[in-house]
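Colleague: Could you take me through the model that we have here, with the cut-offs stated as you go?

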Amino acid sequence: MRKRGTKTDEGDKIVRRKLSDQVLERLLEMITRREVLPGELMPSERDLMERFGVGRPAVREALQSLDTMGLISISHGERARVSALTADTVIRQIDGVARLMLSASPDNLEHLKQARRFFEMGMVRLAAANATANDIAELRRLVDRQREALGDAEAFIAADIAFHRKIASLSGNPIFAAVGDAMLSWLFNYHSELLLWSGGETKTLAEHAVIVDRLATGDQEGAAAAMGIHLDRSDLLYQHREDA
């Protein structure tokens, strides 16, 4: 037991919170309690100053924090507007940090590859259960589009991404689709065109076609196995580079 009059530990000290942090907390409560709904305008700076009894700098700093978090949008000369929160907006908040993490170490890229494999094999099982005839037709069109893009790296990769995005979307879960889209975006930053054009493009087309065939018959395990083969081979296309 500490004797009276002894020096306190650093953790015992009471730290005075910034006014802007307190305003931010109150604004978050307003949004959480749906006092202002997505698409609606936030109260004016003057109204917030009067409501919370603080100055303009504290209100502006708190509003800027909300804007950085993606919870509101601020346009010059206009009141802030509450943003509609979606899985995409949430994932975008970590995009910059995720890219920095991947660039920091080759190990992190390998971890992303592993996570993507686990994720996409689960997604393709759901896709096999949910895909309609129209979905299958769209996937076949994407494979055809990729085939037509042979010789054009940018168009070929764009069609590749669209193919995998379509499969993720068939889960019917917007969080799955947003996470899948983010992982593809981060991964393709490390795509090696040199390896792509050494024969891998024709293998990609053949593997995509097999995946679609399995989806068309509703074969969940067959689709997952085909996706696993595809991802195991294509992992070599993604390499950590100092300039990535």
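Predicted model: local features only at pLDDT ≥ 70, side-chain atom pairs only at ≥ 80, totals over all residues.

Modeller: Residues are numbered from 1 along each chain as its sequence is written, and side-chain values use heavy atoms, with hydrogens and water left out.

Colleague: Within what arc do the buried residues of α7 fall, seen down its axis?

Modeller: Buried means under 20% relative accessible area, exposed over 50% and partly exposed in between, with a 1.4 Å probe and protein chains only. In α7 the buried residues are Asp 135, Ile 136, Leu 139, Leu 142, Val 143 and Gln 146, whereas the face turned away from them carries the exposed residues Ala 133, Asn 134, Arg 141 and Glu 148. Taking the directions from the helix axis to the C-beta atoms, the buried residues line one face of α7, since they fall within an arc of 115°.

Colleague: How many residues apart in sequence are the parts that the pair of Phe 119 and Phe 176 ties together?

Modeller: Rings of Phe, Tyr and Trp (its six-membered ring) pair if their centres lie within 6.5 Å, and planes under 30 degrees apart count as stacked, over 60 as edge-to-face and the rest as tilted. Phe 119 and Phe 176 are edge-to-face, at 6.2 Å centre to centre with 85° between the planes. Because Phe 119 lies in helix α6 (residues 106–130) and Phe 176 in helix α9 (residues 174–187), the parts tied together are 57 residues apart in sequence.

Note on methods. Helix = DSSP H or I, 4+ residues; strand = E, 2+ residues; numbered from the N terminus.
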